[in-house]
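Biologist: I would like to learn how to read side-chain features in a model. Can we take them one at a time?

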Amino acid sequence: MPLHRLRSPRMTSLSAVAAVLVAVPLASATPAHATGRGLVDDYRSAYATPGVAAAVIDGSSVETTVRGRDGDGDAVTAGTPFRIASMSKSMTATAVMLLVDRGRVALDDPVVTVLPDFRMADPRFTAITVRHLLSHTSGLSASTNDEYVFPPPRDARQAVARLADETLAAEPGSRPVYHNTNFTIAARIVEVVSGQPFDEFLRAELFTPLGMTHTRSTPGCSDRAEGLPSGYGVVLGFAVAVPEMPGTCAGNGGVISTLDDMVRWLRFNQGGPGAGLLSAAARTELHTVQPKAGDYALGWQARPAAAGAPPMIGHGGTLATWTGDMVFSPTTGRAAVVLTNSVGAPGELSANLLAERLGTPTRPMSNPLDTVNAVLLGLTVVLAALLVTAAVRARRWAVRRRTTRRPLSILRLVPLTLATVLGATLPAVLPILLFGATFDLGYWIVFAWLLPLLPLLSLVSCVLGAVALARRLWCLRHAGQAVPAGDSPAAAGRTTA
């Protein structure tokens with residue numbers, strides 16, 4: 001869906017003046033000169049990341065490093081657009097807090113009172129509050145609500161409507177379970193309470209007043225947006241520009257921004273330019289860990305402080321072809337933000353950039369996915385060789401078993417049957433084992449983007465396993481027919497199964 005160029009009819013001349021007043025000091029107070037070049041280069045080397053844009057904020061200074069290319073092959077700059085994925089949650093939470101400041105909604109309001117169409121097939125849903133959504137303590141979970149249905153809901157309204165048949169995994173307010181749908185519901189609350197589409201509200205009431213003029217959002221993770229190049233898929237050091245995986249990103253991961261605008265966003269959260277847009281109490285609440293929420297605040301997450309370092313608040317973001325991270329200290333003027341256009345672990349880089357600034361040791365960066373992908377590739381090659389051999393030698397195998405009792409012959413077909421069945425279902429079963437998710441063959445599509453060598457392994461296992469199984473069954477059925485000299489029982493007896 002192309003990005004709509006919307007401007008709010010409620011945008012007043014006061015907010016337009018505020019946008020100019022904020023933009024001017026930001027432009028003059030953000031000199032760009034390279035820093036952390038070695039760390040950024042080390043990160044790109046470890047993760048084969050095509051493009052990185054990073055910044056370190058220290059008081060009134062901003063130092064930036066940009067490297068590589070975007071999906072169109074152009075050089076990355078501080079104005080290159082990136083999808084920021086789950087870092088969007090901090091903006092959704094702030095949008096809700098704007099309404100809280102205006103007395104339109106309260107954090108402890110039950111969701112059903114502000115969103116009358118919200119329904120679930122679990123009576124406990126009436127106890128879910130706005131605070132529960134923004135702190136991931138609503139009880140929603142992947143174990144009861146599959147977020148990777150295909151085709152995905154097109155917007156927040158559709159995503160909320162499909163919850164009517166879902167249940168909760170826990171009592172609201174009892175424990176934290178990170179679940180994107182929480183923030184999609186929050187985005188729908190913003191739409192219903194404000195009477196504006198979510199993207200329009202963000203742009204008119206938040207981004208424009210803060211001078212974030214190149215930031216916008218889309219309801220779908222893969223929606224087309226003007227000026228946004230593709231991200232990349234990277235496997236074993238090979239990067240290919242590919243479209244983003246389809247999914248519902250409304251409120252939970254749909255924001256598109258630039259390094260320059262993300263610097264403005266962090267400074268606003270630090271109480272810098274534009275901080276008056278939100279009350280100090282509301283901004284503090286956003287950054288405060290919530291009851292029964294573990295380390296989660298409201299769209300932000302507390303991070304353990306390294307030795308000698310101040311406490312930090314941050315949030316990462318991960319899509320199939322985009323990753324990023326942002327972190328800042330509520331007590332100092334330091335912050336870091338990293339935007340990348342491929343898979344990786346940008347939180348490692350943002351932590352190292354701040355450690356370098358603090359003079360504390362940095363940590364070496366390595367890519368564990370290289371090992372995982374190497375193992376998957378090796379398994380695929382070995383399995384393909386074994387299954388092709390089994391298919392080619394199926395007739396010899398059948399001849400050797402002409403005198404074997406049928407139950408034993410059938411039993412010897414079990415390994416090929418398992419290879420076929422597991423190959424067809426492994427990408428759907430793995431999320432159940434790892435995350436307690438519900439069974440859904442749609443995870444084939446998820447892994448095709450996130451870990452493409454796993455579906456390749458499954459495809460090889462399923463297809464070649466079925467071919468080998470079918471050939472053995474056919475040959476077993478016709479094993480009584482004449483056997484060519486090369487496939488004589490004597491020759492077959494010298495061949496392993």
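This is a predicted model: local features need pLDDT of at least 70, side-chain atom pairs count only at pLDDT 80 or more; totals for chains, interfaces and linings use all residues.

Biologist: What do Asp261 and Arg264 form, and how far apart are the closest N and O atoms?

Modeller: The general idea comes first. Side chains of opposite charge can pair when their charged atoms come close. Here Asp261 forms a salt bridge with Arg264, with the closest N and O atoms 3.7 Å apart.

Biologist: Is Asp261 buried or exposed? And is Arg264 buried or exposed?

Modeller: Use the cut-off: buried means under 20% relative accessible area. Asp261 has 1% relative accessibility, so Asp261 counts as buried. Arg264 has a relative accessible area of 15%, so Arg264 is buried too.

Biologist: How many salt bridges does a search of the whole structure find?

Modeller: The search finds 15. Take the one between the side chains of Arg131 and Asp108, at 2.8 Å, N to O. This pair links distant parts of the chain, 23 residues apart. Arg131 lies in helix α5, residues 130-134. Asp108 lies in the loop between α3 (88-101) and α4 (111-114).

Biologist: Where do Glu171 and Arg124 lie?

Modeller: Glu171 is in the loop between α6 (156-161) and α7 (181-194), and Arg124 is in the loop between α4 and α5. The pair therefore ties together parts that are 47 residues apart in sequence. Their side chains meet in a salt bridge at 3.7 Å, N to O. Glu171 is partly exposed, with a relative accessible area of 42%. Arg124, at 28% relative accessibility, is partly exposed as well.

Biologist: Which residues are linked in a network of salt bridges?

Modeller: Asp58, Glu63, Arg334 and Arg357 are linked that way.

Biologist: Now the cysteines. Which residues does a disulfide join?

Modeller: Look for a pair of cysteine sulfur atoms within 2.5 Å. The structure holds 1 disulfide. It joins Cys221 to Cys249, S to S 2.0 Å. Cys221 is in the loop between β4 (216-217) and β5 (231-235). Cys249 is in the loop between β6 (238-242) and β7 (255-257). The two are 28 residues apart, so count this as a link between distant parts of the chain. Both cysteines are buried.

Biologist: Why is the disulfide of Cys221 and Cys249 called right-handed?

Modeller: Because the torsion about the S-S bond is about 95°.

Biologist: What about Cys462 and Cys475?

Modeller: Cys462 counts as partly exposed, at 21% relative accessibility. Cys475 is buried, with a relative accessible area of 3%.

Terms used
Residues are numbered from 1 along each chain as its sequence is written. Side-chain values use heavy atoms; hydrogens and water are left out. Helices (H or I, at least four residues) and strands (E, at least two) are DSSP runs, numbered from the N terminus. Buried means under 20% relative accessible area, exposed over 50%, partly exposed in between (1.4 Å probe, protein chains only). A salt bridge is a side-chain nitrogen of Lys or Arg within 4 Å of a carboxyl oxygen of Asp or Glu.
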